[in-house]
Amino acid sequence: MMRHSVSTVLAFAVALAACGGAGGGNAAPPANAVSANPAAPPPAGPVASTLIDAPRPAEWRLVWHDEFDQVGGSDLPDPSKWDYDTWGNQGGWPNNEQQYYARARRENSRVENGMLVIEARKERLDSAADYGGQAYTSARLVTRGKQDWLYGFVEIRAKLPCGVGTWPAFWTLGSGGKWPDDGEIDIMEHVGRNPGEVSGTIHTLAYNHTNNTQLGASIRRDTVCDSFHRYQLTWTATQIKIGIDDKSYFQFSNPGGADRAKWPFDRPQYLLLNIAMGGMLGGPVGDTALPARMEVDYVRVWQP
């Protein structure tokens with residue numbers, strides 16, 4: 001696929017084994033994993049793929065953050081802020097993903113030298129009670145049940161993995177738990193087979209792959225696996241902007257009319273951080289690149 005400094009992401013496909021509410025735990029799985037398919041037609045709808053300045057609004061206040069600077073005690077992520085998604089381990093994850101998501105396992109998620117490390121590994125956890133035969137392990141951290149937000153500026157400073165088959169993401173889901181009705185915002189997606197191409201998208205009942213109206217854009221930053229960048233979401237009642245390092249490359253405006261099929265983003269969303277492996281977007285996994293780690297310096301949320 002041709003790459004440009006700012007290019008439209010061409011499509012999004014979802015393998016939805018179980019559409020429905022996520023609730024507060026893992027018993028009822030959310031249908032929430034999304035992947036890109038560069039062979040499909042371009043997005044339709046109110047998308048602007050223009051690079052614009054998008055710094056944090058100066059008057060907004062910091063309302064939630066994790067600096068990953070805890071000292072003493074456990075080196076696991078702060079359990080008052082983070083939970084883990086594990087619901088698909090036995091039955092399989094959407095998009096034909098190949099990872100086992102571990103809960104509170106230091107090999108896959110830990111705080112180390114002031115950073116959150118999410119690490120994907122080639123290993124089989126045969127002894128795990130919910131093991132589903134996966135050849136890889138990883139972690140998916142969520143704030144569901146701990147914290148969600150309605151509007152705000154989200155910034156995640158991180159260095160991404162670039163191993164072939166890796167698929168890291170920072171994203172949000174509607175706390176109502178029904179996909180795509182309650183909406184999804186992908187702040188950052190990156191796949192190791194396309195190193196340096198970062199994507200941002202939104203998904204709603206009206207704008208998703210099933211009716212070919214999915215919306216998204218991408219930008220190229222060749223250093224995302226070598227250095228830290230700030231991945232950003234600006235979300236208000238009238239517009240969503242997704243960007244990197246104070247530059248927005250995707251803007252989606254509220255089409256109005258109180259149509260939640262087009263704009264479900266008037267209700268709270270929670271945050272997810274993960275590395276998926278393989279699947280429809282990740283593609284074949286290059287085992288020699290593992291273990292692959294994503295380092296997150298901080299996660300911060302401001303609101304008006």
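Me: Where is the place of Pro291?

Reply: Helices (H or I, at least four residues) and strands (E, at least two) are DSSP runs, numbered from the N terminus. Pro291 is in the loop between helix 1 (279–282) and strand 22 (292–303). A word on the source: this is a predicted model, in which local features need pLDDT of at least 70, side-chain atom pairs count only at pLDDT 80 or more, and totals for chains, interfaces and linings use all residues. Residues are numbered from 1 along each chain as its sequence is written, and side-chain values use heavy atoms, with hydrogens and water left out.

Me: What kind of peptide bond joins Leu290 and Pro291?

Reply: The bond between Leu290 and Pro291 is cis, with omega about 0 degrees. A cis peptide bond also joins Trp179 and Pro180, again with omega about 0 degrees. Pro180 is found in the loop between strand 14 (166–174) and strand 15 (184–190).

Me: Is Ala258 buried or exposed?

Reply: Buried means under 20% relative accessible area, exposed over 50%, and partly exposed in between (1.4 Å probe, protein chains only). Ala258 has a relative accessible area of 80%, so it is exposed.

Me: How many residues has the largest nonpolar core?

Reply: A nonpolar core is a set of buried Ala, Val, Leu, Ile, Met, Phe, Trp, Tyr and Cys residues joined through side-chain atoms within 4.5 Å. The largest one has 52 residues, and Phe170 and Tyr231 have the most contacts inside it. Strand 22 gives the most to this core, with five residues.

Me: Which residues is Phe170 in contact with, leaving aside its neighbours within four places in sequence?

Reply: Contact means heavy atoms within 4.5 Å. With those neighbours left aside, the partners of Phe170 include Ile156, Ala158, Leu160, Ile187, Tyr231, Leu272 and Val296. Asp186 is also one of the residues in contact with Phe170.

Me: How many salt bridges does the structure hold?

Reply: A salt bridge is a side-chain nitrogen of Lys or Arg within 4 Å of a carboxyl oxygen of Asp or Glu. The structure holds 21 salt bridges. In one of them, the side chains of Arg140 and Asp85 meet at 3.1 Å, N to O. This pair links distant parts of the chain, 55 residues apart: Arg140 is in strand 12, and Asp85 is in the loop between strand 7 (83–84) and strand 8 (99–101). Arg140 counts as buried at 1% relative accessibility, and Asp85 counts as buried at 0%.

Me: Which residues does Arg110 meet in salt bridges?

Reply: Arg110 meets Glu112 at 2.9 Å, N to O, and Glu119 at 3.0 Å, N to O. Arg110 is buried at 12% relative accessibility, Glu112 is partly exposed at 27%, and Glu119 is buried at 6%. These residues belong to a network of salt bridges that links Arg105, Glu107, Arg110, Glu112, Glu119, Arg121, Glu123, Arg293 and Glu295.

Me: Which residue does a disulfide join to Cys162?

Reply: A disulfide is a pair of cysteine sulfur atoms within 2.5 Å. By this rule the count comes to one disulfide. It joins Cys162 to Cys225, with S to S at 1.7 Å. Cys162 lies in the loop between strand 13 and strand 14 and Cys225 in the loop between strand 17 (215–220) and strand 18 (229–235), so the pair ties together parts that are 63 residues apart in sequence. The link of Cys162 and Cys225 is right-handed, with 70 degrees about the S-S bond.

Me: What lies over the face of Tyr298?

Reply: A charge sits over a ring if NZ of Lys or CZ of Arg is within 6 Å of the ring centre and within 35 degrees of the ring normal. Arg300 lies over the face of Tyr298, at 3.5 Å from the ring centre. The charged end of Lys81 sits over the ring of Trp64, 5.9 Å from its centre.
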